[in-house]
Every structure is written in C-alpha cells, then in structure tokens.
Amino acid sequence: QLAGTFRALEQFANDPQVPLGINGLKGTAQALAPTVAHLAGSQVNCNYLALLLSNVASAVSDGDSGNNVNWARVTAVAGPIGVNGQAGPASAPGNGTAISANADPGTNHLHANPYPTIGAFGGPDACVAGNEGYVNSKGVVVGNPPGRTSNQTSKVARDLNGDYTTTTAR
C-alpha cells in the first residue's frame, strides 16, 4: 500500500495544474490576511465565531415530537411607531414624538450601532456587539452606548456533553 501511495503522490506532484492551484491558494491567503488579523482578536476576545455557529445550528433545532419537521426560531421585530420612526419612511432620525398618547416619548428616538466595538486586537476590550442595552436617553444615540459594556459573551457549549465556557475579553 505504501508503494501505491507514493506513486499517487508522484503523479500529484508532476501534475501541471497543482502549482497553479497552490499559487491561487497563496494569493487568496494573502488577500485575506488583513481581514483574518483584524477578526482574530474578536474571536479570541469575544468568541463571536463560536456564537454565530452555535446560533445558526440551534435556529432549526426545534421540531415536532416525532422529529419529522423542524421550524426556524425567528420573529419579526418592528421599530417604534411615530414621527420619523424606524418602522417606516422617515425624513430625519426619530425625534421622540409618538403617535400613541400612551407611548413613552423616549421610545421613538433613533438608536443604532453600525460599528460596535468587537474586542479586536489594539482596540478596547469590550464585546459591545450583542451586549448593548437600551439607553433611554431621550435623544438620538448612534454608536457604542455610553458607559462600560460587558467584556464577556454568552456561554457556548464546547462539546455535545454541555461543557460550557464563557469567553472574557483580555
């Protein structure tokens, strides 16, 4: 069996397409190097990749008692309704004016965090993405919320036995 393995390895090494494939793989690795270097810190510090994969795997894990049908655990989330609310077309950020007389005027302010702190190397050690609380500031809040945000993410099972671990940012 060893002789056959070496013959197959020799054929592979002499194939003219192999160097082209290796060079293409090298180019891909070089192009992705800056992205991987940046995202490596968020994985090491905040464990976001494991959280993503865990959530994707559990999204369709529920089903009927006979395991014949699975359903996705999703729900629609609508923004507050009001003048310039996030739930529909707006000409400006939400200004706090609510349509309903019983609504809290502070619920119609724009709250957005398009680029949360993710614990990347060289940045703050906070894991803001997924840990933001609602800041009832009676005004527009764009960006990371004020104050200290947790430097821990949710627990993710390491294996099928349920051995849980919590990742803490450095």
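Here is a friendly conversation about a predicted model of a protein chain.

Trainee: What should I keep in mind about the model before we start?

Mentor: Glad you asked! The model is predicted, local features need pLDDT of at least 70, side-chain atom pairs count only at pLDDT 80 or more, and totals for chains, interfaces and linings use all residues. Residues are numbered from 1 along each chain as its sequence is written, while side-chain values use heavy atoms, with hydrogens and water left out.

Trainee: Where in the protein chain is confidence highest?

Mentor: Confidence is given as pLDDT, the predictor's score for each residue, from 0 to 100. The chain has a mean pLDDT of 75, and 72% of its residues reach 70 or more. Strand 6 (residues 164-165) has the lowest confidence, with a mean of 54. The highest confidence, at 93, is in helix 1.

Trainee: What pattern does the protein chain follow along the sequence?

Mentor: Helices (H or I, at least four residues) and strands (E, at least two) are DSSP runs, numbered from the N terminus. The chain holds three helices and six strands. Read along the sequence, the pattern is α-α-α-β-β-β-β-β-β.

Trainee: How many of the residues count as buried, as a percentage?

Mentor: Buried means under 20% relative accessible area, exposed over 50%, and partly exposed in between (1.4 Å probe, protein chains only). The chain has 170 residues, and the buried share is 18%.

Trainee: Which residues make the nonpolar surface patch?

Mentor: Patches are made of residues with over 30% relative accessible area and no salt bridge; like charges are joined within 9 Å, and nonpolar side chains (Val, Leu, Ile, Met, Phe, Trp, Tyr) within 5 Å. A salt bridge here is a side-chain nitrogen of Lys or Arg within 4 Å of a carboxyl oxygen of Asp or Glu, and accessible areas come from the Shrake-Rupley method with a 1.4 Å probe, where for residues only the protein chains shown count as cover. Leu 9 is found in helix 1 (residues 2-14). The patch covers about 460 Å² and is made by Leu 2, Phe 6, Leu 9 and Phe 12.

Trainee: Which cysteines form the disulfide?

Mentor: A disulfide is counted as a pair of cysteine sulfur atoms within 2.5 Å, and the structure holds one. The pair links distant parts of the chain, 81 residues apart, from helix 2 (residues 17-46) to the loop between strand 3 and strand 4. With sulfur atoms 1.9 Å apart, the pair is Cys 46 and Cys 127.

Trainee: Why is the disulfide of Cys 46 and Cys 127 assigned its handedness?

Mentor: The assignment rests on the torsion about the S-S bond. That torsion is about -90°, so the disulfide is left-handed.

Trainee: How far apart in space are Ala 126 and Asn 45?

Mentor: Ala 126 lies in the loop between strand 3 (111-112) and strand 4 (141-142). Ala 126 is buried because its relative accessible area is 7%. Ala 126 and Asn 45 are 81 residues apart in sequence, and their C-alpha to C-alpha distance is 8.6 Å.

Trainee: Which residues does Ser 42 contact, leaving aside neighbours within four places in sequence?

Mentor: Ser 42 sits in helix 2 and is buried, with a relative accessible area of 6%. Contact means heavy atoms within 4.5 Å. Leaving aside those neighbours, Ser 42 is in contact with Asn 47, Tyr 48, Ile 118, Gly 119 and Ala 120.

Trainee: What is the phi of Asn 47?

Mentor: Asn 47 is in the loop between helix 2 and helix 3 (48-59), and at 9% relative accessibility it counts as buried. Most residues other than glycine have a negative phi. Asn 47 is not glycine, yet its phi is positive, near 65°.

Trainee: Is Ala 59 buried or partly exposed?

Mentor: Ala 59 is found in helix 3 and touches Trp 71, Ala 72 and Arg 73, not counting residues up to four places away in sequence. Ala 59 and Ala 72 are 13 residues apart in sequence and 5.4 Å apart in space, C-alpha to C-alpha. Because its relative accessibility is 25%, Ala 59 counts as partly exposed.

Trainee: What is the relative accessible area of Asn 108?

Mentor: Asn 108 lies in the loop between strand 2 (70-71) and strand 3. Asn 108 and Gly 139 are 31 residues apart in sequence and 8.9 Å apart in space, C-alpha to C-alpha. Asn 108 is buried, and its relative accessible area is 1%.
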